[in-house]
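Please consider the chain shown below.

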Amino acid sequence: MPPRFGRVLISGDEIAARVLELGRAIGREHAGQDPLLVGVLKGAVIFLADLVRAIPMEVTVDFMGVSAYGAGPPSSGVVRLTADLSESIEGRDVIIVEDIIDTGRTLAYLRSNLSTRRPRSVSVCVLLDKMERREVDVKLDYVGFVIPDQWVLGYGFDLGGLYRGLPYITVLEAEASG
Ligand code: IMP
Ligand code: MG
């Protein structure tokens with residue numbers, strides 16, 4: 001049975017307005033630098049595509065792939081690298097661009113992994129923060145929205161690989177009624 005979507009949690013207009021604010025903040029705080037945005041595959045690709053157009057300066061982009069080790073839900077275990085950067089980040093001002101922070105394991109792993117490669121700085125920009133689910137503390141520099149503990153879909157967020165293309169963020173109906 002296909003999933004039934006619940007209410008729209010964040011509309012396309014609300015996302016666009018917030019992404020513009022995040023882009024301006026990054027532009028202000030990284031003025032005079034040559035920042036490298038590192039998008040986390042696959043979910044952050046849509047957010048990154050909009051964010052890069054909202055930052056009022058030149059930036060470069062690269063990607064990393066990560067997934068949770070072994071079977072089980074994505075947030076269950078140890079994080080594993082599935083695709084690495086294409087270039088060195090030595091001396092660079094790196095901004096990790098991630099779709100969502102849940103337990104914090106993925107971003108904790110990425111932050112420490114990238115920090116060992118001698119960048120000038122590492123900061124983190126996430127669109128969504130499921131704050132109440134946090135298990136590992138991670139410093140976040142830019143946060144789009146704090147959301148409750150519900151599975152979200154659309155705007156890059158998937159269920160079994162599907163629904164990333166919805167132009168808004170929604171939740172599953174069963175969860176939305178809870
Ligand atoms: P963390 O390592 O527990 O912080 O998990 C972060 C990862 O879990 C994100 O990069 C997403 O891929 C995935 N994730 C967590 N919650 C959701 C959700 O509600 N919808 C889609 N993906 C999610
Ligand atoms: Mg992800």
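Predicted model: local features only at pLDDT ≥ 70, side-chain atom pairs only at ≥ 80, totals over all residues.

Residues are numbered from 1 along each chain as its sequence is written, and side-chain values use heavy atoms, with hydrogens and water left out.

**Overall form.** The chain has 4 helices and 9 strands, these being DSSP runs numbered from the N terminus (helices: H or I, at least four residues; strands: E, at least two). Along the sequence they follow the pattern β-α-β-α-β-β-β-α-β-β-β-β-α. The radius of gyration, taken over C-alpha atoms, is 16 Å, close to the 16 Å given for 178 residues by the globule rule (2.2 Å times the number of residues to the power 0.38), so the chain is as compact as a globular protein of that length. Buried residues (under 20% relative accessible area, 1.4 Å probe, protein chains only; exposed is over 50%, partly exposed in between) make up 43% of the chain.

An open sheet of 6 strands has the order β4-β3-β2-β5-β6-β7 with mixed pairing, where two strands pair if DSSP finds at least two bridges between them. Its edge strands, β4 (79-83) and β7, each pair on one side only. The parallel strands β6 and β7 are joined by 4 bridges, and C125 stands opposite Y142 in β7. Helix α3 (residues 105-115) packs on the sheet, touching β2, β3, β4, β5 and β6 (contact: heavy atoms within 4.5 Å). The direction of α3 makes about 170° with that of β5, angles running from 0 to 180 degrees between N-to-C directions of lines fitted to C-alpha atoms, for helices over the stretch in contact. Helix α2 lies across β2, β3, β5 and β6, at about 160° to β2.

In helix α1 (residues 12-29), the buried residues are I15, V19, L22, G23, A25, I26 and G27. Their cover includes β1, α2, β5, β6, β7 and β9.

**Aromatic pair.** The structure holds 1 aromatic pair. F5 lies in β1 and Y163 in the loop between β8 and β9, so the pair ties together parts 158 residues apart in sequence.

| Residue | Relative accessible area | Class |
|---|---|---|
| F5 | 30% | partly exposed |
| Y163 | 25% | partly exposed |

Conventions. Chains lettered and ligands numbered in written order. Expected span 1.5 Å × (residues − 1). Phe/Tyr/Trp six-rings, centres within 6.5 Å; stacked < 30°, edge-to-face > 60°.
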